[in-house]
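User: I am new to this structure. Please walk me through it in short steps.

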Amino acid sequence: MNSKEKYIEQMYMANYDDMLRFASTVLNYRDLAQDVVQESFLIAQARADKFMTSPEPRGWLFNVMKNVIGNVYKQQKKLMNMKQSLTETRDHGELELGFSTKYKGMISDEELQMLIWVYCYGCSYAEVAERLGITLSACKKRIQRARRRFEEALNKDL
Amino acid sequence: MSDNNGAKAVEMIYSRMSTEQIKNMLRYSAMSEEELNMEMVNCLLAELKQREPESEGMPVLEAWEDFNENWSGSETAYLDFAERPGVETNQNAIYGNKPKHRKSFKTLLVAAIVVVLVFTTMIVAQASGVDVFGALAKMDKRNVLVWKLTDC
């Protein structure tokens, strides 16, 4: 294990609990809060040069996480607005999306559907995995990818 | 008053706040455009941890495993979040010069005292027969109504 990996692990162990408590308090949805913490450490890993030279790494991490939380809110708001224009029949365990938005081609129906379940209905990842008949691990990866694509689509939309 | 005494005073004020008030302060700091005041966040989290020691999420070792398995090394759309103001300047919040540090601490202390005073006054007024909370609820309903009407 190199020094960068060691440092990230050390910081993860020291700050994870407090970061999760903070994110859970602000976001209310446990799985989403968990994701926000993981995403923050992913950013720390990718920007290790800045993170490792910060004189206050805990403050650095928390402020990165604050930015991620702000972005989650932005996506949630966008999805809430979009959801109103979609036809849904959630009772049957499916969302039938009358999907003809400008994001077509950038994010698939299924990815959008997953995001709406998580962001708008507060479904846990376990619930989403069960609905789609996939493993929890696969579900996490798909949601992670869906969030990335949605973010890219929103950025192109600006 | 030394910083140490100031810290104790702030801790005492936080300990008298309700859990929901503490959570609201955390929520407010997350939504604010200002960089996080880590002294305040640390105090609030410590107080919250004391009241709710059990964390609902994944335990740290399991989460670390999940990070390595599902996140580590993958792409992120948020790389620029490490460049935004607040992250870069955060070091000043803790390692800035002494006067700045004291100033932020005093601001924090005053804010906490004001919050406690307002709530204490409301509770005392309620106890002595004035229906403060009822009046607030009514005011809130009126505001919602006005908001709905203007929205239409």
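User: In which helix is the place of B:V118?
Analyst: This is a predicted model, where local features need pLDDT of at least 70, side-chain atom pairs count only at pLDDT 80 or more, and totals for chains, interfaces and linings use all residues. Residues are numbered from 1 along each chain as its sequence is written, chains are lettered from A in the order in which they are written, and side-chain values use heavy atoms, with hydrogens and water left out. Helices are DSSP runs (H or I, at least four residues), numbered from the N terminus. B:V118 belongs to chain B, in residues 98-127, helix α6.

User: Is B:V118 buried, partly exposed or exposed?
Analyst: Buried means under 20% relative accessible area, exposed over 50%, and partly exposed in between (1.4 Å probe, protein chains only). The relative accessibility of B:V118 is 42%, so it counts as partly exposed.

User: Which residues touch the most other members of the largest nonpolar core?
Analyst: A nonpolar core is a set of buried Ala, Val, Leu, Ile, Met, Phe, Trp, Tyr and Cys residues joined through side-chain atoms within 4.5 Å. The largest one has 73 residues. Its largest share, 11 residues, comes from helix α1 (residues 3-27) of chain A. Those touching the most other members are A:F22, A:F41, A:F62, A:M65 and B:Y14.

User: How many residues does the contact take from chain B and from chain A?
Analyst: Contact means heavy atoms within 4.5 Å. Buried area is the accessible area (1.4 Å probe) that two parts lose on being put together, summed over both. Chain B and chain A bury about 4,700 Å² between them, 62% of it on carbon and sulfur atoms. The contact takes 52 residues from chain B and 46 residues from chain A.

User: Which side chains meet in a salt bridge between chain B and chain A?
Analyst: A salt bridge is a side-chain nitrogen of Lys or Arg within 4 Å of a carboxyl oxygen of Asp or Glu. Between chain B and chain A the count is 1. At 3.0 Å, N to O, the pair is B:D66 and A:K140.

User: Which residues are linked with A:R147 in a network of salt bridges?
Analyst: A:R147 forms a salt bridge with A:D35, the closest N and O atoms being 3.7 Å apart. The pair links distant parts of the chain, helix α7 (residues 136-157) and helix α2 (residues 30-46) of chain A, 112 residues apart. Both A:R147 and A:D35 are buried. The network links A:R147 with A:D35 and A:E39.

Technical notes. Helix = DSSP H or I, 4+ residues; strand = E, 2+ residues; numbered from the N terminus.
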